Amino acid sequence: MGRTLSQKVWDSRVVRRAEGEPDLLYVDLHLVHEVTSPQAFDGLRLAGRRVRRPDLTLATADHNTPTVDIDKPIADAVSARQLSALEENCREFGVRCYPLGHALQGIVHVIGPQLGLTQPGMVIVCGDSHTSTHGAFGAVAFGIGTSEVEHVLATQTIAQARPGTMAVTVEGELARGVTAKDVILGVIERIGISGGTGTIVEYRGAAIRRLSMEGRMTVCNMSIEAGARAGMIAPDDVTFAYLEGRPHAPTGAAWERALDGWRSLATDEGAAFDREVRVDARQLRPYVTWGTNPAQSSTIDGVVPDPESFGDPARQETAARALRYQDLLPGTPIRDIAVDAVFIGSCTNARIEDLRAAAAVIDGRRVRDGLRALVVPGSAQVKAEAEREGLDALFRRAGFEWRAAGCSMCLGMNPDVLGPGQRCASTSNRNFEGRQGPGGRTHLVSPVVAAATAIAGHFATPEDL
Amino acid sequence: MPLDRRDVDTDQIIPASWLKRVERTGFGAGLFESWRRDPAFVLNDPRYAGAAILLAGPNFGCGSSREHAVWALQEHGFRAIVAESFADIFRMNCARVGMVTAQLPGNAVSRLMRAVEADYTLSVVIDVGDRTVSAAGETHAFPLDDFTRMRLLEGLDDIGLTLRHARDISRYEATRAAHLPRIGGA
């Protein structure tokens, strides 16, 4: 009886296992940001504790940072205080920090992989639920709360019961125009927002193997939207090619040794998962969410569903409530829904390939009159790379605003928010009520659908233009 | 207090605009900030003022890992939540700060909700020692592992507990592969 990928990584990081207690896991990389850490550092101070391994801890400012005028003082005093608290805490406790304005600053889940810090077989945690992103490299990576952040800072370990295992196999070939974002939206639509609760999901199958590293990160990123503790993909040559040469990747003989270990990180033949789900890639189309949770989606060719069409009365009520909030009528073709704003950004879809794909769609076209369109690169490095390629000029010419890196309108913490009633096509990960600003209405889409929608003014694919 | 909605996400429990605070306190006023603008929302119902137990629909606490959601609930006075299921991170966050999450079968939660709606004075008792929820003549057991139960009952410091195993941590640390990445420090 073999073991799954997640079990192998998990077992390799167990510091202590005792009957009736959760496993004590060693943490190889702890990513820290300004929003979920200040109370944790306060806790350390109160107890007279230090950060056990500053060399395995990296901080950056992303959630609460402005994306315009980043060289000027921050207008919101409460936000300014939180950002300066991060820098002061990192200085006091000896933690490396990439603050706003630093060349390596960016969304925490974009910079880890970019720097080569995210590697196969590691345990990675961060006070953010989208830590699941790093699982794309074959790491066990999951989000934690502030008390656990403090625990990891103090002990470099975390006490966790071993989760269950789930396999999501996407076989076959994706149709043209169907992206990694559509794969994960399609999976969530099938298994539901709590379909992965209590498990680590391993994504497998030919369609997953053919995704780039960045596409794999998009898939793993949204594992939490299916309720999963983490998402993982077994490392392969695509992974190794992405890692080789990055600043923190091993080199020389150490690279060869690391590769030997990484190649063993695959689910054993005959290992059993607690649950298996199969998805036929050929059935996936570009998805657009219509509701207020990420499972409430339709293919772009579809219509807003009738809540009555859901069998379970509780789901009927949830759908009806979502349609009221979203101000949508059953039967409306998705393509007929007009939007007020387009947001291209977030840890889900703000890496360089995402920006290139969106840019290719808008090249030479204009954003629909009256529509607000924002591009927020995932990191300062992604921004710099895009600017080297001239993508900033291309977006600007089309009528997009080109912003500095951060989480921005994904969660509406900084000034980038929707107004009440405004409707947004967003490449982010959550369409909860008010997520992008009180009263705002979010529809999750891929970068290419977001770009085409910005041009058309209503939901569209590049082929529709 | 009965909150008969499924999939209540942490963005509803405490919206992002509240997360700018660097303190652990001051979140109570932000609890369900958007929903409570509706006078009919149950949090505004004076009959349930001061309730210490929240009865909720399945998958309570999904979404963001923000522990601030638990702090907001605690500050409002809740000490326990009863639901058919909880999101993983939310449940962990609750365990870390002494909020009890009692998972009961869906029909039991529904009956409790109906009973509390019919009689707001009904007392619901959660016995962490016995791992039971009792009300209206019914008693239901809920799953609670020994470790979490012990910490809830004794209010122990998790970090202090782990540091009892500091030698295990050091021993493990010494075996880590040399190629694993290290950051230079501040």
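A word on conventions. Since the model is predicted, local features need pLDDT of at least 70 and side-chain atom pairs count only at pLDDT 80 or more, while totals for chains, interfaces and linings use all residues. Residues are numbered from 1 along each chain as its sequence is written, chains are lettered from A and ligands numbered from 1 in the order in which they are written, and side-chain values use heavy atoms, with hydrogens and water left out.

Let's start with the interface. The size of an interface is often given as the accessible area lost when the parts come together. For chain A and chain B, about 5,600 Å² is buried, and carbon and sulfur atoms give 55% of that; buried area here is the accessible area (1.4 Å probe) that two parts lose on being put together, summed over both.

What about polar pairing across the interface? There are 33 residue pairs in polar contact between chain A and chain B, both residues at pLDDT 80 or more. A polar contact is a pair of N or O atoms within 3.5 Å; within protein, one must be able to donate a hydrogen and the other to accept it, and residues adjacent in sequence count only if both atoms are side-chain atoms. Helices (H or I, at least four residues) and strands (E, at least two) are DSSP runs, numbered from the N terminus.

Now to the salt bridges, defined as a side-chain nitrogen of Lys or Arg within 4 Å of a carboxyl oxygen of Asp or Glu. How many are there over all chains? The count is 54, and between chain A and chain B it is eleven.

Within chain A, Asp268(A) and Lys8(A) form a salt bridge at 2.7 Å between the closest N and O atoms. This pair links distant parts of the chain, 260 residues apart: Asp268(A) sits in the loop between helix 10 (252–263) and strand 12 (275–280), and Lys8(A) in helix 1 (residues 5–12). Asp268(A) is partly exposed at 29% relative accessible area, whereas Lys8(A) is buried at 14%. Buried means under 20% relative accessible area, exposed over 50%, and partly exposed in between (1.4 Å probe, protein chains only).

Glu401(A) and Arg403(A) also meet in a salt bridge, at 2.6 Å from N to O; Glu401(A) is partly exposed at 29% and Arg403(A) is buried at 7%. There is a network too, linking Arg3(A), Asp11(A), Arg17(A), Asp23(A) and Arg162(A).

Last, the cysteines. The structure holds zero disulfides over all chains, a disulfide being a pair of cysteine sulfur atoms within 2.5 Å. For Cys220(A), the nearest cysteine sulfur, in Cys347(A), is 12 Å away, and Cys220(A) is buried at 0% relative accessibility.
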